[in-house]
Amino acid sequence: MENWSLVSICVLFGLTARWAVSLNSYSGAGKPPMFGDYEAQRHWQEVTYNLPVHEWYFNTTDNNLNYWGLDYPPLTAYHSLLCAHDHGFDFCWVLVADLLIYIPAVVLYSFYLSEGSNKKKVCTVLCILLYPGLILIDYGHFQYNSISLGLALWGVVVLGLGWDVLGSLAFVLSLNYKQMELYHSLPFFCYLLGKCFKQGLAGRGLFLLVKIAVTVLVTFALCWLPFLSDPGQILQVVHRLFPVGRGLFEDKVANTWCSLNVLIKIKTILSTDTQLYFSLTTTLLAILPSSIKLLMKPTLWQFKLALVNSSLAFFLFSFQVHEKSILLPALPVCLLLNDLPLPAIWFLQASTFSMLPLFLKDGLLVPYVVTSLAFLFFSIYLLSAFEHCSEDKLRLGCLRHLPSLIPGSFYFSITAMAGLSFMSVALAPPDQLPDLFPLLVSVFSYLHFLGLLLYFNIVQIAEPLQSVRKNQKKSN
Amino acid sequence: LASVSLITALAVHCVVLLTMTVFSGYFSHSTDFEVHRNWLAITHSLPVSKWYHENTSEWTLDYPPLFAWFEYSLSHVAQHFDKEMLVVQNLIYTSPATILFQRLSVIVTDIVFIYAVKECCRSVREEKGSKDLLGHPFFILAALLLWNFGLLIVDHIHFQYNGFLFGILLLSVARHLQGRHLEGALLFTVLLNLKHIYLYIAPAYGIFLLRSYCFTKDNTDGSVRWSSFSPVRLVALGSIVISVGALSFGPFIAMGQLPQVLSRLFPFKRGLCHAYWAPNVWALYNMVDKALSVLGVRLKLLDVAKLPKASMTGGLVQEFQHSILPSVSPSITLICTLLSIMPAVLSIWCRPRGARGFLRCLVVCALGSFMFGWHVHEKAILMAILPFSILAVESREDAGIFLMLTTTGHYSLFPLLFTAAELPIKVLLMLLFTLYSFTSLKKLFRGSLLNPLETTYLLGLVAVEILCEVVYPLSPWQHTLPFVPLLVTSVYCSLGVSYSFIRLYVSLLRQHGTDKHKQL
């Protein structure tokens, strides 16, 4: 069948899955006093529509910041203003955003930047579109992650095609939509800087650097235009975006600090400032190897791996991380589905599993089960995941005996996830340990993330600097 | 390759099905839901003698006894989900457990459908030559059946057990295609006792079995060889029919309730057309009548006061009279139906073309009864579309007719889902199925299957949809004449369905003609 019809069918299928999930109950439905993310979006529409710009981020009599205060950068605010004008069925807006931004980026990525036959590319589109985490959060929990992730993906695609200035523009827009995209910023920076170095700092490289810097500054200025008049405004917005007063972590999240807290109560032992410095140091140490490698060898393949490594390191070691931030590493891992199917599928499934407590709170159990099963089935079957388990395919040149253990461990892991999910739903936790199941879920996911972080780092760093890989696209 | 393709289609089917179950969170409440809940309650709580007398709810038991036994067995599982649903007095009872159980029961009974699809795929004739998985007729047929838009929305968004019933029908067809006629006959009799609407295609079965099974040999020119009549086979068939009938109706005959059961099964009090007109001949007839009466009033040829007041375009199921054209009674529709299927049935008597000729005749009977029947529901179009899928993957001409019939038939189901939340789902699913059917059949038969006129007509469906869903609700007539979108949909689709019917008949008679030519 021709490509366009197959791709349309995949896109339609993805859209159907999204719409079906959205018809389920949404976050905070009928749960006073705070309701949920849906109420947050609705509140922001109200605030942006009714109040003047300079009051959006301030605590005033009209705008109580404790009730879902605006805590995303200006582009989110402008988007809420746009939505406020047409109070149609709000889920439509998420679908429209997906259709206009995220889905075209996925299709373009699969067709222009991934390798393999046409059939393989269509399969990649389908599998990326079926990733359960994004569907459940955007349509079940109700958020607009597809806009920021979609813009970031556009950035990757455009950079991959060689248009550096446009790529940086797309990424800056993405950053101005959600500040969590900072997790991706270091790889973008290192990649572009590395390219400038490669082209020689005394000539075209410098020119490129200047062009990119100017684009970034101008875009920032345009996005923050209404706030530039008053330094106090800028400070307040930054204060809302980065709430350093809120502590090392909140709730149960599958990162190092929460898991460490099980053994040593670091939240109580160390002071807030020490915690801040500690997490900052560990994060920097974790992202350093990958960033340096990317600086030295700015290719698309390294860029994708660096995106994974950087965002995953931030997730695991950073300050005040939410479980939904796992979507940030998940996006670049989706891009690796074609090249390293099994580790990618493993990570994506673990990421969905790590958000299980959130889904249970929102009443999304059935969509969670259905989309996870669908994703697993399609990705394992269509991408022939188990056939790419050899040493060579996994690019683990040094660790010879590991690959044979992998299929077995994968099955064990999936079974354990299914078992834990079932237990979380069916069994009641013992009275002394009311948070037992969310804790087990987050620790289990944490171990996966840590292991996969090591794996992806090894893959990125072990690659020789001057390789001539037959099956890699030309580095640009 | 065959099993792999089936498994793939099946997997997608299951995923779509399970995606539909997320609807269990969304209270998409159709009357069919309450109907079946009521029947579960009746069969579980009341003794057998009361089943066909019970009328606490308006949705009385109007399927044959075997279906009542089916509901009875389901009710034993239901009591573990929620005992309250089995109380007859609990009208419109919709606890989450009830909804979950009902939806799951449809999904589980779909296993019959899946098995039937597998058997049909085995019988498909294929051309030689290696094809990739997606282009294999096997896979295309599995996909066309498992992902059928009409079946999905009628069974899983609305609520019926059509998957189960059509599974039995397709299985019976598959058995005939495989030459296992006794099993096919048994399955059909069971089906008849589950839902008597299949009486419409009973002539095809009857004549086919009589002609091709009871007469074991034909003359060289294809005509009947009376000497080869086999009484043994006739007796075998007869005993199957009688024993199944006895199993299902037996208890009621013994209790002397047969007239009551029959009156429940065939309620002719309902009107010529369903609340929303099925896209058949009577829709066109009503339209013409209405148009003539309006014209007559405008031209002062008729007196407004003398016209019957009942509005057939209202949403209620009532008896009404036509104003200008003669009124239509149930017997007239019966005669029209019989006349319409007569040539097809005669052709398989005179020149039987084996099981495939029988299948074609079956589709013609189903479609003919849809076109001319009394109080036809638009869901009945599926009775023609599903078996026709088998023929569509084997012949180019059939594929063209199939695309026309299936697109219009499926579109005519749109008014069943009328809420704003269901709009994207029905549009997306329809697009999915239509896109798939067009591109896969086009690839299979290498080339365009529809002529420009047909393509324009089908594109017109998009215009009708936009008109009905977007433009009309924003216009001032929405409140005064709310039935107009339904009218437009129904009439527009009946054009397409009638056209397909005629083309199908022409192809059947042409085949009959070429057969005759061969003898000369």
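Trainee: Why is A:Thr16 called buried?

Mentor: Its relative accessible area is 5%. Buried means under 20% relative accessible area, exposed means over 50%, and partly exposed covers what lies in between, using a 1.4 Å probe and protein chains only. At 5%, A:Thr16 is therefore buried. Before we go on: this is a predicted model, where local features need pLDDT of at least 70 and side-chain atom pairs count only at pLDDT 80 or more, while totals for chains, interfaces and linings use all residues. Residues are numbered from 1 along each chain as its sequence is written, chains are lettered from A and ligands numbered from 1 in the order in which they are written, and side-chain values use heavy atoms, with hydrogens and water left out.

Trainee: Where is A:Thr16 found, and what does A:Thr16 touch?

Mentor: A:Thr16 is in helix H1 (residues 3–22) of chain A. Helices (H or I, at least four residues) and strands (E, at least two) are DSSP runs numbered from the N terminus. Contact means heavy atoms within 4.5 Å. Not counting residues up to four places away in sequence, A:Thr16 touches B:Ile425, B:Leu428, B:Leu429 and B:Leu432.

Trainee: What about A:Ser311: is this residue buried or exposed?

Mentor: Its relative accessible area is 0%, so A:Ser311 is buried. You will find A:Ser311 in helix H15 of chain A. With neighbours within four places in sequence left aside, A:Ser311 is in contact with A:Tyr183, A:His184, A:Leu328, A:Pro329 and A:Pro332.

Trainee: What kind of aromatic pair do A:Phe171 and A:Phe188 form?

Mentor: Let's begin with the rule. Rings of Phe, Tyr and Trp (its six-membered ring) pair if their centres lie within 6.5 Å; planes under 30 degrees apart count as stacked, over 60 as edge-to-face and the rest as tilted. By this rule there are 48 aromatic pairs over all chains. A:Phe171 and A:Phe188 are 4.0 Å apart centre to centre, with 15° between the planes, and that pair is stacked. The pair links distant parts of the chain: A:Phe171 belongs to helix H8 (residues 164–177) of chain A and A:Phe188 to helix H9 (residues 182–198) of chain A, 17 residues apart.

Trainee: And what makes the pair of A:Phe188 and A:Phe303 edge-to-face?

Mentor: The angle between the planes, at 90°, with the centres 5.1 Å apart. This pair, too, links distant parts of the chain, as A:Phe188 is in helix H9 of chain A and A:Phe303 in helix H15 (residues 300–317) of chain A, 115 residues apart. Both A:Phe188 and A:Phe303 are buried.

Trainee: Which rings in chain B are linked into a cluster?

Mentor: Ring pairs join B:Trp39, B:Tyr63, B:Phe67, B:Phe70, B:Tyr161 and B:Phe164.

Trainee: How do you know that the charged end of A:Lys178 sits over the ring of A:Tyr72?

Mentor: A charge sits over a ring if NZ of Lys or CZ of Arg is within 6 Å of the ring centre and within 35 degrees of the ring normal. The charged end of A:Lys178 is 4.6 Å from the centre of the A:Tyr72 ring and sits over it. In chain B, B:Arg233 lies over the face of B:Tyr213, 4.5 Å from the ring centre.

Trainee: Why are H17(B) and H18(B) called roughly antiparallel?

Mentor: Two packed helices are described by the angle between their axes and the distance between the axes. Axes are lines fitted to C-alpha atoms, for helices over the stretch in contact, and angles run from 0 to 180 degrees between N-to-C directions. Angles under 35 degrees count as roughly parallel, over 145 as roughly antiparallel, 65 to 115 as roughly perpendicular and the rest as oblique. Helix H17 (residues 422–445) of chain B and helix H18 (residues 452–471) of chain B pack at about 180°, with axes 14 Å apart. H17(B) and H18(B) are therefore roughly antiparallel.

Trainee: Which residues meet there?

Mentor: B:Leu423, B:Lys426, B:Val427 and B:Phe438 in H17(B) meet B:Leu458, B:Glu465 and B:Glu469 in H18(B).

Trainee: And the loop between H17 and H18 of chain B: which residue is found in it?

Mentor: B:Arg446 is found there. B:Arg446 has a positive phi of about 50° although it is not a glycine. At 62% relative accessibility, B:Arg446 counts as exposed.
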